[in-house]
Amino acid sequence: MTFILKAFSCAELSMAELDIGKHCETADCGQKDFLPFVCDSCSGVFCLEHRSRDSHACPEVPVRKEVCGSGSRTSYACTFENCKGRELLPVICPQCQKHFCLAHRHQDDHKCEKLETPKPRMVATQELVQKIVDSKKSVLMSKGRKGAKNSATAAKVALMKLKLHASGDKGLPQTERTYFQVFLPKEAAASSQPMFFSSKWSVGKVVDFAASQASLKNNNNVLTARKLRLCHPETGEALKMDASLQSLLSLPDSPLFNGGNVILEYLDNESAGVDDVTAYIPSS
């Protein structure tokens with residue numbers, strides 16, 4: 001008998017030590033649940049039956065029953081300061097998890113405590129990027145840019161037009177072809193003519209070929225005669241006859257570029273180039 005009493009006392013002691021679970025905090029429940037639920041709004045502990053916010057009348061979610069005709073309906077009060085708005089359906093901010101009316105549903109509208117504001121450095125960077133984008137747009141949209149005909153960018157745009165009308169040796173590979181708008185001597189019938197040449201040719205060969213294409217008199221082999229020379233489209237300087245097109249095109253500040261302009265003119269033997277390039281290529 002003594003042994004049985006001792007065993008019973010030990011069992012009671014073990015059950016007392018194993019205090020598992022918690023009681024539901026709902027006033028009229030108090031049920032002990034071994035796997036209780038914690039409300040993510042009010043942090044209260046509840047049983048399975050009272051785990052939802054509505055079932056335990058969560059103080060963080062103001063709910064009011066309103067009589068409407070023969071029945072009742074649930075409305076959700078806006079938690080924004082001094083706002084009396086209500087909604088029939090819950091409108092919960094995904095950041096702060098509070099209820100709001102439709103007018104205050106956005107973070108900016110209810111001054112959400114978890115609203116992330118851009119850092120000053122990020123704002124400055126965004127403004128700088130926007131200014132760069134705007135400046136690029138204004139440059140592309142502007143008309144009548146000074147020197148546009150002589151710029152490499154304008155030449156690339158004009159390259160497609162040159163390819164449609166340019167004359168040259170049809171046997172040249174496409175990879176070797178270099179296109180120019182050739183402005184002809186003052187006494188020529190036409191002011192200019194689009195042509196293409198091989199990038200492997202020397203300036204001298206380009207001059208000879210251009211003269212034949214434009215039906216110009218070429219006395220470059222006559223010592224005392226005025227010579228046909230290829231000149232820089234901006235400075236008017238005569239290019240060296242033995243220089244190759246490829247070498248001139250590869251220079252960092254190249255006087256020539258594919259799709260650009262060149263001047264072909266008769267020069268005296270002592271002349272270094274044409275004096276006024278605007279007489280051939282208008283500046284406007």
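## Strand pairing

Strands β8 and β9 run antiparallel and are joined by seven bridges. Strands here are DSSP E runs of at least two residues, helices are H or I runs of at least four, and both are numbered from the N terminus. Two strands count as paired if DSSP finds at least two bridges between them. Across this pairing, V182 stands opposite Q193 in β9.

This is a predicted model: local features need pLDDT of at least 70, side-chain atom pairs count only at pLDDT 80 or more, and totals for chains, interfaces and linings use all residues. Residues are numbered from 1 along each chain as its sequence is written, and side-chain values use heavy atoms, with hydrogens and water left out.

## The sheet

β8 (residues 177-183) also pairs with β11 (residues 260-267), in the parallel sense, over four bridges. There, Q181 has N261 of β11 as its bridge partner.

The open sheet has four strands, ordered β9-β8-β11-β10, with mixed pairing. β9 (192-198) and β10 (227-231) are the edge strands, each pairing on one side only. Neighbouring strands are turned by 35° against each other on average, direction ignored. Axes are lines fitted to C-alpha atoms, for helices over the stretch in contact, and angles run from 0 to 180 degrees between N-to-C directions.

## Helix α4 and strand β9

Helix α4 (residues 203-213) lies across β9, β10 and β11. It runs at about 135° to β9. Contact means heavy atoms within 4.5 Å.

Six of the seven residues of β9 are buried, so this strand is largely enclosed by the rest of the structure. Buried means under 20% relative accessible area, exposed over 50%, and partly exposed in between (1.4 Å probe, protein chains only).

## Nonpolar cores

A nonpolar core is a set of buried Ala, Val, Leu, Ile, Met, Phe, Trp, Tyr and Cys residues joined through side-chain atoms within 4.5 Å. The largest has 31 residues; V182, L184, F197, L216, L230 and L264 touch the most other members. α3 (152-165), β8, β9, α4, β10, α5 (245-249) and β11 each supply at least two residues. α4 gives the most, with six.

Beyond its neighbours within four places in sequence, L264 contacts residues including V182, L184, V207, L216 and L230. A second, separate core of nine residues includes A238, I263, L267 and Y280.

## Cysteines

The whole structure has zero disulfides (pairs of cysteine sulfur atoms within 2.5 Å). The closest cysteine sulfur to that of C42 is in C39, at 3.6 Å, too far for a bond. C42 is partly exposed, at 25% relative accessible area. For C83, the closest is in C78, at 3.7 Å, again too far for a bond.
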